[in-house]
Amino acid sequence: MEGSKTLVDGELLGACRRGDPAAFEELVARTQHRVYALAYRLVGDRGEAEDVAQEAYLRVFRSLGGFREESRFETWLHRIVVNAAMTHLRRRGRFGDLLRDPATDPVPPPAPPAQDRAADRDVIRRALEGLPQGMRTTLVLYEMYGLSCREIGREMGLSEGAVKVRLHRARKRLKEAIHGASEHAV
Amino acid sequence: MARASMRCDEVVAVLPVFAGEEAPYPHGLEVHLQTCRSCADEEIRYRELLGIVRGLRDPGEPAPPGLTLRVSRRAARLDTAWRGYARRG
């Protein structure tokens, strides 16, 4: 299973750049779960996530020759996946969902309390999937993949300030979906 | 000059902005959290929640079987097409 350690080292990248097909296949094999998980979180559909993952890898294949910052490979790969997902959503006419500001949509009732940490994760995963798409995308990219608000804005065609507002609303919405609204001083 | 503390409603409004960030909290927020149990609990809920969200990065959704093979085949076709194009000049 892929952990948080570096998945792709300089040696493998070098072999990919020299056009070694086995090395590229190895690169895909090592990163596929992470790439697919990100694509799935962004488009919310398994079949579409595979399309996005394939498109992202083809972009990697085309661009790898010019990529020199080995230590930043995974960040670069994540950006490519995000970009491929945004292109996909635009083509499918779903990009508007990302830009829509759902701040006034009703918040679903909070989930029942979980009994342990694994159940917590499951409840939170489901609550995350239930967020409006624009909020989910912003939260996923910022909190899980470490993109800055500026980078997210560049991908989504929003200002940095707009991304920050969306991020804060997403955190609040997620918290309310898990714990309910604050019980005092609202 | 900054106020010594914030009100509960102000804290509830700004917690989604500051909770879980590396930057230190504003002084007024820090002071309030030290003296208000209810807001401190709310702040802990945010931090724990965001901590779990960050841990969800590792795939919960495994890639479909055969993805590597399908990508490799498409890349190989692309590579062949490019090499052919380059040979034709």
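Predicted model: local features only at pLDDT ≥ 70, side-chain atom pairs only at ≥ 80, totals over all residues.
Start by selecting helices H2(A) and H4(A), whose axes lie 10 Å apart and pack at an angle of about 35°.

**Stop 1: H2(A) against H4(A)**

Look along the pair and note that H2(A) passes H4(A) in a right-handed crossing. To see where they touch, show Thr31(A), Val35(A), Leu38(A), Ala39(A), Leu42(A) and Val43(A) on H2(A). Facing them on H4(A) are Leu77(A), His78(A), Val81(A), Val82(A), Ala85(A), His88(A) and Leu89(A). Coloured by class, the residues of this contact come out as ten nonpolar, three polar and no charged.

**Stop 2**

The crossing of H2(A) and H3(A) is right-handed.

On the H2(A) side, pick Phe24(A), Val28(A), Val35(A), Tyr36(A), Ala39(A), Tyr40(A) and Val43(A). They meet Arg46(A), Glu48(A), Ala49(A), Glu50(A), Val52(A), Ala53(A), Ala56(A), Tyr57(A) and Phe61(A) of H3(A). This contact divides into 13 nonpolar, no polar and three charged residues.

**Stop 2: H3(A) against H4(A)**

H3(A) spans residues 46-63 and H4(A) spans residues 73-91. Their axes are 9 Å apart, and the packing angle is about 125°. H3(A) and H4(A) are therefore oblique to each other. H3(A) passes H4(A) in a right-handed crossing.

From H3(A), the contact uses Glu48(A), Asp51(A), Val52(A), Glu55(A), Ala56(A), Arg59(A) and Val60(A). From H4(A), it uses Leu77(A), Ile80(A), Val81(A), Ala84(A), Ala85(A) and His88(A). By class, the residues here are eight nonpolar, one polar and four charged.

**Stop 4**

**Stop 5**

Move along chain A to Val163(A), which sits in helix H9, residues 160-179. Is Val163(A) buried or exposed? It has 24 C-beta neighbours inside 10 Å, so Val163(A) counts as buried. Beyond its neighbours within four places in sequence, Val163(A) is in contact with Thr138(A), Cys149(A), Ile152(A), Gly153(A) and Leu158(A). For a distance across the chain, draw a line from Val163(A) to Leu7(A): they are 156 residues apart in sequence and 29 Å apart in space, C-alpha to C-alpha.

From Val163(A), step to its contact Ile152(A). Ile152(A) lies in helix H8 of chain A, residues 149-156. Ile152(A) counts as buried because it has 24 C-beta neighbours inside 10 Å. With neighbours within four places in sequence left aside, the contacts of Ile152(A) are Thr138(A), Leu141(A), Tyr142(A), Leu147(A) and Val163(A).

**Stop 3: chain A as a whole**

How many helices and strands does chain A have? The count is nine helices and zero strands. Of its 186 residues, 37% are buried. Among contacts between residues at least 6 apart in sequence, 65% join residues at least 24 apart.

**Stop 4: chain B and the interface**

Select chain B, which has four helices and zero strands. Buried residues make up 22% of its 89 residues.

Finally, show both chains. Here 32 residues of chain B are in contact with 38 residues of chain A. On the chain B side, the elements giving two or more residues are helix H1 (8-18), helix H3 (37-55) and helix H4 (67-88). That side of chain B has 19 nonpolar, four polar and nine charged residues.

Notes:
Residues numbered from 1 in each chain as written. Chains lettered and ligands numbered in written order. Axes fitted to C-alpha atoms, helices over the stretch in contact; angles between N-to-C directions. Parallel < 35°, antiparallel > 145°, perpendicular 65-115°, else oblique. Left-handed = near helix turned anticlockwise from the far one by under 90°. Contact = placed C-beta atoms within 7 Å. Nonpolar A, V, L, I, M, F, W, Y, C, P; charged D, E, K, R; others polar. Buried ≥ 20, exposed ≤ 12 C-beta atoms within 10 Å, placed from the backbone.
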